[in-house]
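Trainee: I would like to learn how to read a structure like the one shown here. Could you take me through some features, one by one?

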Amino acid sequence: MLYNILVHAHSGLRWIVLLLLLAAVITSFRKWQAKDDYTSGDNKLYLFTLIATHTQVLLGLILYFISPKVPIFGSDIDFGTIMKETLYRFYTVEHITGMLIAAVLITIGRSRSRRMGGATQKHRTVFTFFALGLLIILVSIPWPFRIPGAGWF
Ligand code: HEM
């Protein structure tokens, strides 16, 4: 059913988001330090990283309304219980908050870098915002060793 497809898409897309973010963070750091050019290839890498992140947020938002792990819509579990149960609280509050902050940072990083004058400043701006976004995403992912029932892909 749709729910299963969405969970697997959302779970698998994490790896693409992580790989693109890692590539973008390494590239922007190297080119910032080396005072290298801002090529159309760099621009594409940063843009695809943003698009992958936004797609992941979109899938997450749909899941938020239909997942049994977020029992705030059409369930009789009250909010106090949700906040007391680690699993419910993680998806209802912690996961969405961390991921939305990270996505906003990545969005600001890309749009600010576009308004910057020089190549070095562009790479530095992308590095600062994307690296912070990556860190927040890494700690907000339900890794299977931390969150019971979560998968690797
Ligand atoms: C870059 C951003 C994000 C990443 C990398 C990410 C990653 C993940 C991963 C790896 C899972 C576990 C899937 C599994 O158990 O196999 C998950 C579950 C989930 N995510 Fe996200 N997520 C992101 C953003 C969001 C956002 C913004 C929301 C809500 C608006 C969201 C809502 C959910 C929900 C509700 C689940 C639980 C699905 C279920 O098992 O029922 N995610 N996410």
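**Reading a residue and a ligand site**

Mentor: Gladly! Let's begin with methionine 83, which is placed in helix H3, spanning residues 79-84. Keep in mind that this is a predicted model.

Trainee: Is methionine 83 buried, exposed or partly exposed?

Mentor: Buried means under 20% relative accessible area and exposed means over 50%, with partly exposed in between. Methionine 83 has 30% relative accessibility, so it counts as partly exposed.

Trainee: Which residues is methionine 83 in contact with, leaving aside its neighbours within four places in sequence?

Mentor: Those are Arg89 and Val93. Valine 93 is 10 residues from methionine 83 in sequence, and their C-alpha atoms are 8.5 Å apart in space.

Trainee: Now the ligand, please. Where does it sit?

Mentor: The ligand takes up the space of the largest pocket. Helix H1 (2-33), helix H2 (40-66) and helix H4 (86-115) each give at least two residues to the shell around it.

Trainee: What classes of residue does the shell around the ligand have?

Mentor: There are 12 nonpolar, 7 polar and 2 charged residues. Of the 21 residues around the ligand, the nearest are Tyr3, His10, Ser11, Ser67 and His95.

Trainee: How do I read the polar atoms there?

Mentor: Look for pairs of N or O atoms within 3.5 Å. The side chain of histidine 10 has an N or O atom 2.7 Å from a nitrogen atom of the ligand. For serine 11, a polar side-chain atom is 2.9 Å from a ligand oxygen atom, and for serine 67, a side-chain N or O atom is 2.5 Å from an oxygen atom of the ligand.

Methods
Residues numbered from 1 in each chain as written. Predicted model: local features only at pLDDT ≥ 70, side-chain atom pairs only at ≥ 80, totals over all residues. Heavy atoms only, no water. Near = heavy atom within 4 Å. Polar contact = N/O pair within 3.5 Å; in protein donor to acceptor, adjacent residues only side chain to side chain. 1 Å grid on protein atoms, 1.4 Å probe; cavity = no way out; pocket = protein on both sides within 12 Å on 5 of 7 lines; lining within 4 Å. Sits in = over half its atoms within 2 Å of the grid points. Helix = DSSP H or I, 4+ residues; strand = E, 2+ residues; numbered from the N terminus. Nonpolar A, V, L, I, M, F, W, Y, C, P; charged D, E, K, R; others polar. Buried < 20%, exposed > 50% of the residue type's maximum accessible area, 1.4 Å probe, protein only. Contact = heavy atoms within 4.5 Å.
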